Amino acid sequence: MAQLIKLQDYVSRYETDLYRYPSQFVRLKKQQWEKMKQHWENGDLPKPSPPVQEWTEEEKNSMKDKLFSLFKKKEDEEEETIPEPSDEDLHLDMDASQDIHSEEELKASFLNLVFDFQLRWASSTIMEKSYVDNSYHYDERLRYLLQRFPDNIFVMYNPVLKIKNAPVELETVLITPTGIWCLTFLEFEEGTAYIGSGERFWVKKWGDGEEKVLNPLIGLKRMERIVHQIMRYAGVELPIYQAVISRNGYIDYPQSPVGIQFLDKRIHHEWFQQQRSSSSPIKSVQLKAAQAIMEYCQTTSFKRLQWEEAASEE
């Protein structure tokens with residue numbers, strides 16, 4: 001799984017120690033998978049709980065969505081008064097909400113488990129937390145980036161940077177061992193065709209319908225310029241790529257600008273496999289690039305209650 005190092009303007013564990021957490025994430029993920037698989041092979045995963053008629057629909061949906069918990073701690077939101085366990089205390093505490101019949105189902109459950117775990121790391125530290133928009137828990141695009149790309153890729157998703165005292169929200173930045181990808185997504189209904197141009201709006205066609213959409217290159221080029229300036233100022237030599245992704249549609253731009261890739265339904269899979277097949281370890285230049293961008297990121301958070309109380313007593 002790719003590593004979510006920054007999500008919007010939330011406080012991130014990675015920003016406290018970017019040189020420690022990437023390797024720790026890989027180690028913890030491997031340990032938890034081996035432990036979960038062993039439990040499953042031994043047949044001692046918890047069995048599904050019997051249905052409870054008085055549950056509300058919201059409670060039922062919650063149980064379906066939340067299969068496991070990596071932290072052995074109370075799930076009550078009053079946990080803010082309880083110190084968060086250290087990362088070394090992580091272990092499996094499986095929620096008996098679904099029967100697992102195959103290793104593929106086990107892998108899917110594990111990926112969902114780690115996805116929720118990554119959202120916690122990308123929105124909290126031992127001392128601080130950020131309020132997370134609930135939509136991120138169901139964000140298919142974010143799941144695609146985290147669950148289908150390898151551990152050696154860092155993801156910044158909708159990061160908010162402070163440039164000349166003004167907040168600027170970027171789209172998606174992938175920092176790999178060999179380069180930085182500035183990505184924008186252009187996805188609508190299956191089979192949608194986009195007619196690109198240098199104008200402010202592109203034409204979107206699907207079925208008998210047609211309408212205008214904002215030119216995605218406007219935001220993409222701005223994102224590339226910002227990242228390029230940060231890399232140059234930090235003295236980081238890592239190539240920067242720009243791409244528009246349309247996994248379920250087609251992009252037609254006859255005289256497209258040089259240096260921009262259009263990863264539509266015809267060629268996206270090839271690019272995707274190239275990123276997945278990279279076996280390069282995390283590199284120091286990659287960490288330096290991520291750190292350079294992180295230093296410009298804006299963070300909105302609040303201190304956990306126990307730390308506020310401790311500070312007031314000093």
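Which residues do ring pairs link into a cluster? I found Y144, F149, W181, F185, Y241, W271 and F272 joined in this way. Rings of Phe, Tyr and Trp (its six-membered ring) pair if their centres lie within 6.5 Å; planes under 30 degrees apart are called stacked, over 60 edge-to-face, and the rest tilted. My search of the whole structure gave 20 aromatic pairs.

**Ground rules**

I am working on a predicted model, where local features need pLDDT of at least 70 and side-chain atom pairs count only at pLDDT 80 or more, while totals for chains, interfaces and linings use all residues. Residues are numbered from 1 along each chain as its sequence is written, and side-chain values use heavy atoms, with hydrogens and water left out.

**Charges over rings**

I looked up where Lys or Arg sits over a ring, meaning NZ of Lys or CZ of Arg within 6 Å of the ring centre and within 35 degrees of the ring normal. R20 lies over the face of Y21, 4.7 Å from the ring centre. The charged end of K204 is placed over the ring of W206, at 5.0 Å from its centre.

**Helices α2 and α4**

Next I checked helix α2 (residues 21–41) against helix α4 (residues 103–121): they pack at an angle of about 145 degrees, and their axes are 11 Å apart. Axes are lines fitted to C-alpha atoms, for helices over the stretch in contact, and angles run from 0 to 180 degrees between N-to-C directions. Helices (H or I, at least four residues) and strands (E, at least two) are DSSP runs, numbered from the N terminus. I noted that Y21, the residue under R20, is among the α2 residues that meet α4, as are F25, W33 and W40. On the α4 side I listed F110, F117 and W121, among others. Contact means heavy atoms within 4.5 Å.

**The six-stranded sheet**

What is the strand order of the open sheet with six strands? I read β1-β5-β8-β9-β13-β15, with mixed pairing. Two strands pair if DSSP finds at least two bridges between them. β1 (3–7) and β15 (260–263) are the edge strands with a single partner each, so one side of each has no neighbour in the sheet. On average, neighbouring strands here are turned by 25 degrees against each other, direction ignored. β1 runs parallel to strand β5 (residues 154–157), joined by four bridges, and L4 has V155 as its bridge partner in β5. Helix α6 (residues 216–234) packs on this sheet, touching β8 (172–175), β9 (180–185), β13 (240–245) and β15, and its direction makes about 160 degrees with that of β13.

I then followed a mixed open sheet of four strands, ordered β12-β11-β10-β14. Strand β10 (residues 192–195) and β14 run parallel with four bridges, and T192 stands opposite G249 in β14.

My last stop was strand β6 (residues 160–163), which four bridges join to strand β7 (residues 166–169) in an antiparallel run. V160 has E169 as its bridge partner in β7. The β6 and β7 hairpin has two residues between the strands, and K164 takes a positive phi near 55 degrees.
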